[in-house]
Amino acid sequence: MGTAYIALFNRCFAHQHGGQFVLRIEDTDQTRSTSQSEQMILDSLRWLGLDWDEGPDVGGPHGPYRQSERKDMYRQYAEQLLEKGHAFKCYRTSEELDALRAELKEKGENRALKPSDLELGADEQAAREAQGAPYVIRMRVPTDGRCEIDDMLRGTVELDWALVDAQILLKSDGMPTYHLANIVDDHLMEITHVIRGEEWLNSAPKHKLLYEYFGWDMPVLCHMPLLRNPDKSKLSKRKNPTSILFYQRMGYLPQALVNYLGRMGWSMPDESEKFSLAQMQEAFDIQRVSLGGPVFDVEKLSWLNGQWLREQSDEQFLDSLLNWAYNRDYAMKIIPHLRQRVETLSEVADKAAFCFNGMPAISEASFEHKQYSAEDMKVWLQYLLWTYEARGDWNRDGLFADAKAIADALEVKIKDFLFPVFVAIAGTSASFSVVDSMEIIGSDVSRARIRHAIEVLGGVSKKQMKKLEKAYRDLPVG
């Protein structure tokens, strides 16, 4: 959701000023970035109508647009900084870094680690280099003083250099961090304006310094307010589903979701609540963005979606319905599992309803089991949720293997372990294969339903969460 929110404002700003909207895939984190996660970004933005002028699938004069495909380029620039004395090789181990931070804390020094803390003596560095010890390349940063950052919404912001760490630019695996890759890419791609979330404001001094080190002009920066939950906490999947494809699957219209995101901290000149992407772009003025944290309220989104639906003609409404879930491709995934379980066509709607519905109508009584308690099953679901959140591909065999591994580690029969999963996903244990069901309805809805079931079972407090996290880490799962 946050990605779409920032993309919307970038696109409106670029097109309103006759510029180009560039989509770049920042996949330098090899553990989190997969082809599936990239496709989800492309599918989500395209479904919303937020098409791009340059990007990995449309090309353009500034490619390639995946940072993983520009790896060698970043090393050249990191080496350039080394040669000029603006960066240094850091051989510190994670244990040494922890010790250095603990030492600062013990001294009561509220500051980040600086080059003077991190650089080894010449002899020690030479010894580690001779041993082939791994190293990272870090940037040099000032130890004191203030850095002034010009922001389109905030004016001049002063940040304390003491709190800015000697940022890693190139990791030991040769991949760049966000900080080096983005500065290099923004320069080479001729980016004039960068609109991003305010969580990056504290990193702006590092970026400004890198531009100075390279002798490049810095783009104009604009840091958007973060989306918030109704309780004002940062938007997170624990409190609100944050995947665009979840809302697509739940039956929201793309026009309504874009409309709602456009109202997050921004308003039309006439204060109208309902407007299209084209209307927003035509009236767009970045200065109308309010710095107060915009609240993402699903009830308000649903109300706005209803306004869009009610303005459709009967034909348009039917088309939306058919395109949403009652389409041939989606139905064909369900039919093979239904044909063997029904005797009349009139039974289909009841047995397949969970494949089209939102959250199942379940209560704690739905989880009644002759052997295990609701608390047991809540813990199982939480373990399974964490495992599924870490899963890149989403297929029945992998989903079953994950469940079986946890069940075996807990010494619970797989049939019993899957009982609460059936209830969470289908609302009943009398359904066709739950792993087939999860593959059909997809990762976003499946995980959202498991989270919903955990809440129905009483939820997990912060104190209990810490205990469960430790127990989960200690599970003997292969």
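**View 1. Arg 111 and its salt-bridge partner Asp 117.** Arg 111 comes out as partly exposed in this predicted model, with a relative accessible area of 27%. Its partner is Asp 117, and the closest N and O atoms of the two are 2.8 Å apart. Asp 117 counts as buried, because its relative accessibility is 17% and the cut-off for buried is under 20%.

**View 2. Glu 311 and Lys 274, a salt bridge from loop to loop.** The closest N and O atoms of this pair are 3.0 Å apart. Glu 311 sits in the loop between helix H12 (298–310) and H13, while Lys 274 sits in the loop between helix H10 (254–262) and helix H11 (277–283), so the bridge ties together parts that are 37 residues apart in sequence. Which end is exposed? That's Glu 311, with a relative accessible area of 58%. Lys 274 is partly exposed, at 28%.

View 3. The side chains meet at 2.7 Å, N to O. Asp 402 belongs to helix H17 (residues 396–410), and Arg 391 to the loop between H16 and H17; the two are eleven residues apart, and the pair links distant parts of the chain.

**View 4. A salt-bridge network.** Which residues take part? Arg 24, Glu 26, Arg 70, Asp 185 and Asp 186 are linked in a network of salt bridges. For context, the count for the model comes to 35 salt bridges.

**View 5. Helices H16 and H20, packed together.** Two packed helices are described by the angle between their axes and the distance between the axes. Here helix H16 (residues 374–389) and helix H20 (residues 443–456) pack at an angle of about 155°, and their axes are 9 Å apart. That angle makes H16 roughly antiparallel to H20, because angles over 145 degrees fall in that class. The handedness of the crossing is left-handed.

**View 6. Ile 454 on helix H20.** Stay with H20 and pick out Ile 454, which is found in this helix. Now find Glu 375: its C-alpha atom and that of Ile 454 are separated by 9.5 Å, although the two residues are 79 apart along the chain.

**View 7. A nonpolar surface patch around Leu 322.** Phe 317, Leu 318, Leu 321, Leu 322 and Tyr 326 make a nonpolar surface patch of about 430 Å². Leu 322 is found in helix H13 (residues 314–324). At 37% relative accessibility, Leu 322 counts as partly exposed, and that value qualifies for the patch because members need over 30%.

**View 8. Zooming out to the protein chain.** The chain has 21 helices and seven strands. Its C-alpha trace spans about 80 × 60 × 40 Å along the principal axes.

Notes: Residues numbered from 1 in each chain as written. Predicted model: local features only at pLDDT ≥ 70, side-chain atom pairs only at ≥ 80, totals over all residues. Heavy atoms only, no water. Patch = residues over 30% accessible without salt bridge, like charges linked within 9 Å, V, L, I, M, F, W, Y side chains within 5 Å. Areas by Shrake-Rupley, 256 points an atom, 1.4 Å probe, with all protein chains shown as cover. Salt bridge = Lys/Arg side-chain N within 4 Å of Asp/Glu carboxyl O. Helix = DSSP H or I, 4+ residues; strand = E, 2+ residues; numbered from the N terminus. Buried < 20%, exposed > 50% of the residue type's maximum accessible area, 1.4 Å probe, protein only. Axes fitted to C-alpha atoms, helices over the stretch in contact; angles between N-to-C directions. Parallel < 35°, antiparallel > 145°, perpendicular 65-115°, else oblique. Left-handed = near helix turned anticlockwise from the far one by under 90°.
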